[in-house]
Every structure is written in structure tokens, then in C-alpha cells.
Amino acid sequence: MNIVNFTPVESLLGGLIIGLAVAILYLLRGNYTGISGIYYNVIAVNKNGFVWRLTFIIGLVIAPVLLSFFPYKDLGFNMPTTNPIIVIVGGLLVGYGTQLGSGCTSGHGVCGIGRLSVRSIVGTCVFVGAGVLTVLITRSLGWVVL
Amino acid sequence: MRNIIVPLISGIVFGIGLVIAGMTNPAKVMGFLNIFGNWDPSLMFVMGGAIAVSLPTFLFIGKKMQAPLFNKEEGFAQQLKKDIDSPLIIGSAMFGIGWALVGFCPGPAIAALTQVDGNVFMFFIAMSIGMLIKKII
């Protein structure tokens, strides 16, 4: 193991800001900031709570544009995997998996662990563990260089 | 307030947090999952920072409030599953594999749309289809 590209200050600050967004939605409106669930209910056109969910997603999309007007340390954008088959299979797995497992990094990882939910702690350990194993395999196969 | 202003501000703040944290950069996320190689531990600090705020929000501040400030009608969200069942394990494992293949989870994939990148768009469409397949099956 070699430690590389470590950005503890920016990442901790970003994490605190994400936590602030979670607190705003929960304390002012009463909802959990599980993004896979919010986004799914928008594209499935669930009429119950459609407007607030759509507004949240619009905020998420325009945020990087608003941020670009301010000076901040850009941590870059680089997709190590651009093979279209891997990108599509990855997208399908993320979409289907988050619905079957009822949560993603925000729903289980930030909100669920924040509530000390055992179900979310288990879910988070499973997706991080599966991710670590997957990178080990794809790197060994030469599909990705990290 | 509760249908436009609050969710819009929360979405914007969330997206800003994702970008500053480096989560919208797939290379950084894959670097975190590369524990057995060149490891970038930054994502632990993202989750740690977010939980440092979300935990007291749910367990202390929320518990002291009768109802959310601008939503007395619906109150705090309830009805969350508690059981550890096979859909949780299988779904989370599938999500973890997809996350590691490309380096995107749902939030950053949506926030990265403004990169106007063909691969981001392709991932976003596939993710959306994957979610809707789950609804049909």
C-alpha cells in the first residue's frame, strides 16, 4: 500500500458541507438525503413528493456551475475507465443495485450511519468491500491503471 | 418554502460539497477503493466529515424538535427498514461493483452532468435504466 493523491483538508471540508446539506433537508423538511431514492422517485414520476425531489436534483445539477464562479482548489476530473461496455455495465449495476439494496453512499453511508442504523452499516460495509475487491480484480486484469 | 427553497438549497449545498470533496472525480473514488495498490484515503475524510454533522442532526437536534421547521404537516420521515435481508446484501454488492468499475455513485454522477462528457452521460443513462429495470422486475 502506497498513500497517493491524499487531500484530507479539501475532502473533510467537502464532507462537512455534505453533512450541512443533510441537516438542512432533515431539520427544515424532515427528509433523508438518499440521492438514489430521491432521483429514482423523480424518473419513476412518483406524484407523492415529486416537486421537492425534482427541485433537489436540479440543485445538485447546477451546484458545480455556481461553484465555478468562486475560487476553490479543483480536485480535477478524470475517468480511468472509458470502455463503453464497462461504463454501461457499471451504470446498470449502480442503478439496479441501489434500488435493490435501497440506498447508496448518501442514503446508507451518510444518513444511515448517522442514525446508527445497523442495516445501513452492513450495507455500507458490503458496497465498500465489493468495490475494493472489484478494483483489485480490474487492476489485476489490466482493465484499469491506478 | 418546503417544496422549492429548502430542497433547492440542500441540493446545491450537497453538490458543492461533492465537488469540493473530490467525489465528482472518478479517479479519486477509484483511488480510495484501491486499498491494495496506490491508495487515496481521502474518501474516509468525506464520510467522516458528513457523518460528524449528520449524526448529531438525527440523534440530538432532530430528537429535540417536534417537527421539521417548515413541514409540520408531514413531520420527520419514518418507516425505514431495519432488517438485514438478502436484497440489502445482493443490491449493495452489485452497487459496489458498479461503483468500482467506473468510479461514480448516483450523487456525483448527477452533479458531474455539467462536465458535458459523453462517458458521464452514458453512465447516467445506464444508471437510470438500471433503476427503472428494478421497478419493472
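Predicted model: local features only at pLDDT ≥ 70, side-chain atom pairs only at ≥ 80, totals over all residues.
Chain A contains 6 helices and 1 strand, and from the N terminus on its elements run β-α-α-α-α-α-α. The table sets out some values for each chain.

| Chain | Residues | Buried | Span of the C-alpha trace along the principal axes |
|---|---|---|---|
| A | 146 residues | 54% | about 45 × 40 × 30 Å |
| B | 137 residues | 53% | about 45 × 35 × 35 Å |

Contacts may also be sorted by separation along the sequence. Among contacts in chain A between residues at least 6 apart in sequence, 45% join residues at least 24 apart. For chain B, among contacts between residues at least 6 apart in sequence, 43% join residues at least 24 apart.

## The contact between the chains

The contact takes 107 residues from chain A and 106 residues from chain B. On the side of chain B that touches chain A, at least two residues each come from helix H1 (5-21), helix H2 (26-33), strand S1 (38-39), helix H3 (42-64), helix H4 (86-102), helix H5 (106-111) and helix H6 (118-136) of chain B. H3(B) gives the most to this side, with 17 residues. By class, the residues of the side of chain B that touches chain A comprise 66 nonpolar, 31 polar and 9 charged.

Strands also link the chains. Strand S1 (residues 2-3) of chain A and S1(B) run parallel and are joined by 2 bridges. B:Asn38 in S1(B) is the bridge partner of A:Asn2.

## The nonpolar core

The largest nonpolar core has 79 residues, and those with the most contacts inside it are A:Ile18, A:Ala21, A:Val22, B:Val13, B:Ala50, B:Ala109 and B:Phe123. H1(A) gives the most to this core, with 10 residues. Leaving aside residues up to four places away in sequence, B:Val13 touches A:Ile17, A:Leu20, A:Ala21 and A:Ile24.

## Helix H5 of chain A

Helix H5 (residues 105-114) of chain A has 9 of its 10 residues buried, so this helix is largely enclosed by the rest of the structure. The buried residues in H5(A) are A:Thr105, A:Ser106, A:Gly107, A:His108, A:Gly109, A:Val110, A:Cys111, A:Gly112 and A:Gly114. What covers them includes helix H1 (8-29), helix H2 (35-43) and helix H6 (118-140) of chain A, together with H3 and H5 of chain B. After H5(A) comes A:Leu116, whose phi is positive, near 60°.

## The crossing of H2 and H3 in chain A

The axes of H2(A) and helix H3 (residues 50-67) of chain A come within 9 Å and cross at roughly 115°. This crossing of H2(A) and H3(A) is left-handed. On H2(A), the residues that meet H3(A) are A:Ile38, A:Tyr39, A:Asn41 and A:Val42, and their counterparts in H3(A) are A:Phe50, A:Arg53, A:Leu54, A:Phe56 and A:Ile57. By class, the contact of H2(A) with H3(A) has 7 nonpolar, 1 polar and 1 charged residues.

## Selected loop residues

A:Asn31 lies in the loop between H1 and H2 of chain A. A:Asn31 counts as buried because 25 other C-beta atoms lie within 10 Å, where the cut-off for a buried residue is 20 or more. Not counting residues up to four places away in sequence, A:Asn31 touches A:Leu25, A:Tyr26 and B:Ala77. The C-alpha atoms of A:Asn31 and A:Ile57 are separated by 14 Å, and these residues are 26 residues apart along the chain.

Most residues other than glycine have a negative phi. A:Val45, in the loop between H2 and H3 of chain A, has a positive phi near 50° and is not glycine. A:Val45 is exposed, because 8 other C-beta atoms lie within 10 Å, and a residue counts as exposed at 12 or fewer.

A:Ser102 is found in the loop between helix H4 (84-100) and H5 of chain A. A:Ser102 is not a glycine, yet its phi is positive, about 45°. With 23 C-beta neighbours inside 10 Å, A:Ser102 is buried.

Notes: Residues numbered from 1 in each chain as written. Chains lettered and ligands numbered in written order. Contact = placed C-beta atoms within 7 Å. Helix = DSSP H or I, 4+ residues; strand = E, 2+ residues; numbered from the N terminus. Nonpolar A, V, L, I, M, F, W, Y, C, P; charged D, E, K, R; others polar. Pairing = 2+ DSSP bridges. Core = buried A, V, L, I, M, F, W, Y, C linked by C-beta atoms within 7 Å. Axes fitted to C-alpha atoms, helices over the stretch in contact; angles between N-to-C directions. Left-handed = near helix turned anticlockwise from the far one by under 90°.
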